[in-house]
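Biologist: I'm new to this one and would like a hand reading it. Could we go through a few features in turn?

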Amino acid sequence: MAQPDTKKIFFENLSGAGKAIAVLTSGGDAQGMNAAVRAVVRMGLYVGAKVYFIHEGYQGMVDGGENIEEATWESVSSMLQVGGTVIGSARCKEFRSHEGRLKAAHNLVLQGITNLCVIGGDGSLTGANLFREEWSGLLTELVDQGLIEADAVQKYSALHIVGMVGSIDNDFCGTDMTIGTDSALHRIIEVVDAIMTTAQSHQRTFVLEVMGRHCGYLALVSALACGADWVLIPEMPPEDGWEDKMCQKLSANRAGMKRLNIIIVAEGAIDQNNRPITTENIKNLVVKCLGFDTRVTILGHVQRGGTPSAFDRILASRMGVEAVLALLETTANTPACVVSLCGNQSVRLPLMECVQMTQEVQRAMDGKRFEEAVKLRGRSFENNLRTYKLLAHRKPESELPVSNFNVAVLNVGAPAAGMNAAVRSAVRVGISEGHKMFAVSDGFEGFYKGQIREIKWADVGGWTGQGGSLLGTKRTLPAKHVDKIAEQIRMNNINALLIVGGFEAFESLLQLYEARATYEEFCIPMCMLPATISNNVPGTDLSIGADTALNAIVETCDRIKQSASGTKRRVFIIETMGGYCGYLASVGGLAAGADAAYIYEEPFDIKDLQANVEHLTEKMKTSIQRGLVLRNENCNENYTTDFIYQLYSEEGKGVFDSRKNVLGHMQQGGAPSPFDRNFGTKISAKAMQWVTKKLTETFRQGRVFANTEDSCCLLGMRRRALVFQPVVQLKDETDFVHRIPKEQWWLKLRPLMKILAKYKTSYDVSDSGQLEHVVRNRPKESDASVAM
């Protein structure tokens, strides 16, 4: 008899009644901290706990009084889209002393607080852990001083700590992404994209300094995202003689008709002897050696400002809820933990293990063990560095391997931001592997018409930041033209195919696989990269382009909600794209703070609509001024956007009025987000390396012959890993009528959205993080580190 799944529990079993949770932000601020605070407060209140703000970080805890304030549901309204931290943050010297921590303990006991949620960097979290270890001793001292009653020692015997890392530098080991990093990358890329237009006009070289005194993550990833000519980071100082190499590279790029150069420098960049490398040093070097017109831009605190990105809002909301669950489950023997992100999954890690590894990185750098420092940063960082080197620095022809293989790359389906970054990466990695790369215009329509041309390294320069599809893309499927496509493969001697696209690309690959029985020309390695704003491709949790679309939705929702500021109470009905897939509506709703999101995957009827209207009416009477309802374009053929708008307008009379907005193709346009640029770049590089491996394995007797299932794959992200999956094995996981996977991970986020909107619902915590240990080297596949 099968054993019941003991992990399959719902949060109703985890009562917070009688518990008091306090949330504070400490150290430097980061965009998304407010989303985390909001999630902690609302989840805490939802499970019946009392929740408190501690204003001004540890300083507020030491000072007590009005700095420790009970939070209500309404007190975190309208803060999701606000940057920084509305409860304040301060560096506190007093908390570092025993006397300061004694005062802090006294102030917490006065409020009955024994659960702390700390949002900050490694210093803030280390301080919290020390506070926890000293707790019982501090209470004994307070009793001795007559400040608290003796029974309080027993009543408040243990202090429970859960940390969330809020830091734009992404300098904390154990998590792929920290809260604020993605938003900081948005600020950097916005500036770089703007600078590139003026630099191109005047043929200038720009030297940009980004934050990162001890960690080069922002510099490295922004260099990847904009295709910078050179990057300098503290973890990997340039080799001696780098000045000449850099100048040669800049000069060669100018000779290759490139009108600008971009050099990105982390503020903590050093050389092999631990001497700082400054932007002024680099500017003077370029002017002296090359005579190029050179400008310096120091981004500074711009990187900390602005509204949080969709990614940071979702990450912070998920982490905030996970932190409350961790506090509910903790016991006196549970070590302090930090809620982290691994791939696409929340994990809980022992706080001090992460802190110790973070400190090891700095020790390795101080000891000039730079390769060890890169490894300690984790596979995500290592993978970013490897990919940047592969794409930015072209080897001389004499050093390239000679494979004599021809690889074709094409886009299929609707355009998605990030497609061009994927094509650029494929072309450059392919050339580095010794292949001859071919570009196919207009998808399979162009393929059968013979629109195939060789594409060189320089041809894809500047593609990373371009939206849409520069190759051209069509929805045409290959089935009707397999004979002509086979002929083109034969004529051009194509040995492998890389397809970048959405659901049509998946269907196309299935058709080509089935055509192998008739046409040997299709017996070649074929790989697909998912790229669609709808995120409806089976075999992957995320698709290239979906993050850009989410940011477009969230930015528009922010503006729409702001349009009603100071007017009467108003509800906005917003229609999103996605076909039958509710990803954009659901995850966009979570990021924008929606009250409801209607999708095809979760059927609803008139009673549900009525309940939503009544729920919003009640909230409007007591607290909020603006409501937001998202509707997926194909969620229901009868309950259209117009119908829902009219229903809300009629039922809300006297309490609120309604407006509707169809977002349309603006979700498909625009420059790709940093996430999509890097996701596309990294998975494309991985795919090309797979193609090279398969070509080598299947080359026999002077020809390539690949007819096994595992030679026709989709590269997707599954939870923590990037996985190559034979497309034929994904057929059973697919609803072809509605063009969606049968199971979709993000549906588990929907109850989270409802809880944060004050609905009573069940939240399945079977997928919540279990306490794990920090591992130095995860399994190879998990260099997924998809979170950039």
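Modeller: Let's start with Gln203, which sits in the loop between helix H6 (181-202) and strand S6 (205-210). Helices (H or I, at least four residues) and strands (E, at least two) are DSSP runs, numbered from the N terminus. This is a predicted model, where local features need pLDDT of at least 70 and side-chain atom pairs count only at pLDDT 80 or more, while totals for chains, interfaces and linings use all residues. Residues are numbered from 1 along each chain as its sequence is written, and side-chain values use heavy atoms, with hydrogens and water left out.

Biologist: What is the phi of Gln203?

Modeller: About 55 degrees, so a positive value, although Gln203 is not a glycine. Asn493 is another non-glycine residue with a positive phi, near 50 degrees. Its place is the loop between helix H16 (482-491) and strand S16 (496-501).

Biologist: How do I read accessibility, and where does Gln203 fall?

Modeller: Buried means under 20% relative accessible area, exposed over 50%, and partly exposed in between (1.4 Å probe, protein chains only). Gln203 has 37% relative accessibility, so it counts as partly exposed. Asn493 is partly exposed because its value is 43%.

Biologist: And Val691, buried or exposed?

Modeller: Val691 counts as buried because its relative accessibility is 0%. You'll find Val691 in helix H22 (residues 674-698). From Val691 to Thr178 it is 513 residues in sequence and 33 Å in space, C-alpha to C-alpha.

Biologist: How many disulfides does the structure hold?

Modeller: A disulfide is a pair of cysteine sulfur atoms within 2.5 Å. The structure holds zero of them. Cys173 is in no disulfide, and the nearest cysteine sulfur, that of Cys354, is 7.9 Å away. For Cys215, the closest cysteine sulfur is in Cys173, at 8.5 Å, which is too far for a bond.

Biologist: Are those two cysteines, Cys173 and Cys215, buried or exposed?

Modeller: Cys173 is buried, with a relative accessible area of 1%. Cys215 is buried too, at 2%.

Biologist: Which residues gather in a patch of positive charge on the surface?

Modeller: Patches are made of residues with over 30% relative accessible area and no salt bridge, with like charges joined within 9 Å. A salt bridge is a side-chain nitrogen of Lys or Arg within 4 Å of a carboxyl oxygen of Asp or Glu. Here the patch gathers Arg91, Lys93, Arg96 and Arg213. Arg96 lies in the loop between strand S3 (68-70) and helix H3 (98-111), and Arg96 counts as exposed because its relative accessibility is 66%.

Notes
Patches are made of residues with over 30% relative accessible area and no salt bridge: like charges are joined within 9 Å, nonpolar side chains (Val, Leu, Ile, Met, Phe, Trp, Tyr) within 5 Å. Accessible areas come from the Shrake-Rupley method with a 1.4 Å probe; for residues, only the protein chains shown count as cover. Lys and Arg count as positive and Asp and Glu as negative; His and the chain ends are not counted. The place of a charge is taken as NZ of Lys, CZ of Arg, CG of Asp or CD of Glu.
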